[in-house]
Amino acid sequence: MITKDILNFRTSIKSFDTTKFLTVDQVQNIKDSLRLAPSSYGLQPWSFIEVNDKEKRLELQKAGWGQSQFVDAPLLIVFAVPTDIKENTSKYVEEYMSDMVKVRSVERSSLDGFAQQIIGTIERLTHEEAIAWAQKQAYIALGFGLLTTASLGIDACPIEGFMPDTVDKILGLTEKNLKSTVVLAIGYRLASDHHADLPKVRKSEEKAFLAI
Ligand SMILES: Cc1cc2nc3c(=O)[nH]c(=O)nc-3n(C[C@H](O)[C@H](O)[C@H](O)COP(=O)(O)O)c2cc1C
């Protein structure tokens with residue numbers, strides 16, 4: 001259960017402890033949470049890039065306004081979305097249909113209507129809107145990653161403060177038709193990170209919720 005304690009424990013960590021690492025099981029659990037996140041039609045228009053290379057991490061840090069999380073977090077995941085989803089819609093939909101045929105043992109022909117529905121939705125979007133639509137899905141996966149890490153007692157920081165075009169060049173994403181969207185740095189907080197101890201500033205329930 002995601003208790004209030006877990007929700008309050010989850011804090012966007014500025015300083016990670018470089019001496020503490022994650023276990024293989026923990027990393028697997030976090031990766032599972034990203035893959036199992038929901039997405040519109042279940043299309044999963046995302047790729048998660050685990051960046052382990054130290055040099056690349058340093059370059060990412062420069063593209064990310066010097067934020068230390070890029071180099072200090074033991075696990076760094078860049079969330080990327082396809083840039084050609086509008087132009088190559090059928091390719092992405094067929095990939096998904098083929099997975100569905102395998103996993104659910106259904107005939108491809110029984111999925112024709114569903115496939116057409118997805119294609120119809122994307123057809124109505126411009127190139128930019130299709131990318132923005134995919135990015136919305138990536139943020140859902142980000143939320144899953146944030147809650148999963150917190151529920152495991154692991155720290156994380158979502159990071160949007162970076163230059164996406166530069167990050168795409170560093171990681172060679174452009175030629176893969178991918179665009180970086182958001183980053184999740186994962187590890188353990190440094191005991192001296194007092195920013196992590198500050199109480200949360202949130203709208204009151206009355207302000208945040210409207211009953212109509
Ligand atoms: C999409 C997104 C992008 C963010 N980008 C950054 C970032 O670049 N650097 C950073 O230190 N925190 C970043 N944050 C963390 C927010 O500043 C933080 O969530 C907010 O201040 C509330 O604090 P809390 O997460 O500790 O409760 C980001 C959060 C989100 C959801």
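**Entry 1: helix α8**

What covers the buried residues of α8? I started here, with a predicted model in which local features need pLDDT of at least 70, side-chain atom pairs count only at pLDDT 80 or more, and totals for chains, interfaces and linings use all residues. Residues are numbered from 1 along each chain as its sequence is written, and side-chain values use heavy atoms, with hydrogens and water left out.

The cover includes α3, β2 and β4, contact being heavy atoms within 4.5 Å. I took helices (H or I, at least four residues) and strands (E, at least two) as DSSP runs, numbered from the N terminus.

Next I listed the buried residues of α8: Val167, Asp168, Ile170 and Leu171. Buried is under 20% relative accessible area, exposed over 50%, and partly exposed in between (1.4 Å probe, protein chains only). Looking down the axis of α8, I found these buried residues within an arc of 165 degrees, so they line one face of the helix; the arc is taken from the directions from the helix axis to the C-beta atoms. Asp165 and Lys169 are exposed on the other side of α8. Just after the helix, Gly172 has a positive phi of about 65 degrees.

**Entry 2: the cores**

I then checked leucine 171 beyond its neighbours within four places in sequence, and its contacts are Val51, Lys56, Leu60, Val78 and Lys176.

Leu171 is also among the residues with the most contacts inside the largest nonpolar core, which has 22 residues; Val51, Leu60 and Phe70 are others in that group. Such a core is a set of buried Ala, Val, Leu, Ile, Met, Phe, Trp, Tyr and Cys residues joined through side-chain atoms within 4.5 Å. Two or more residues come from each of α3 (54–63), β2 (75–82), β3 (155–159), α8 (164–171) and β4 (178–187). A second, separate core has 18 residues, including Leu34, Trp46, Leu142 and Leu146.

**Entry 3: the sheet**

My next stop was an open sheet of 4 strands, ordered β1-β2-β4-β3 with antiparallel pairing. Strands pair if DSSP finds at least two bridges between them. I noted β1 (47–50) and β3 as the edge strands, each pairing on one side only. Between β1 and β2 I found 4 bridges, and the partner of Glu50 in β2 is Ile77.

Helix α7 (residues 127–151) has 25 residues and spans 37 Å from first C-alpha to last, close to the 36 Å expected at 1.5 Å a residue; the expected span is 1.5 Å times one less than the number of residues. Just after α7, I spotted Gly153 with a positive phi of about 75 degrees.
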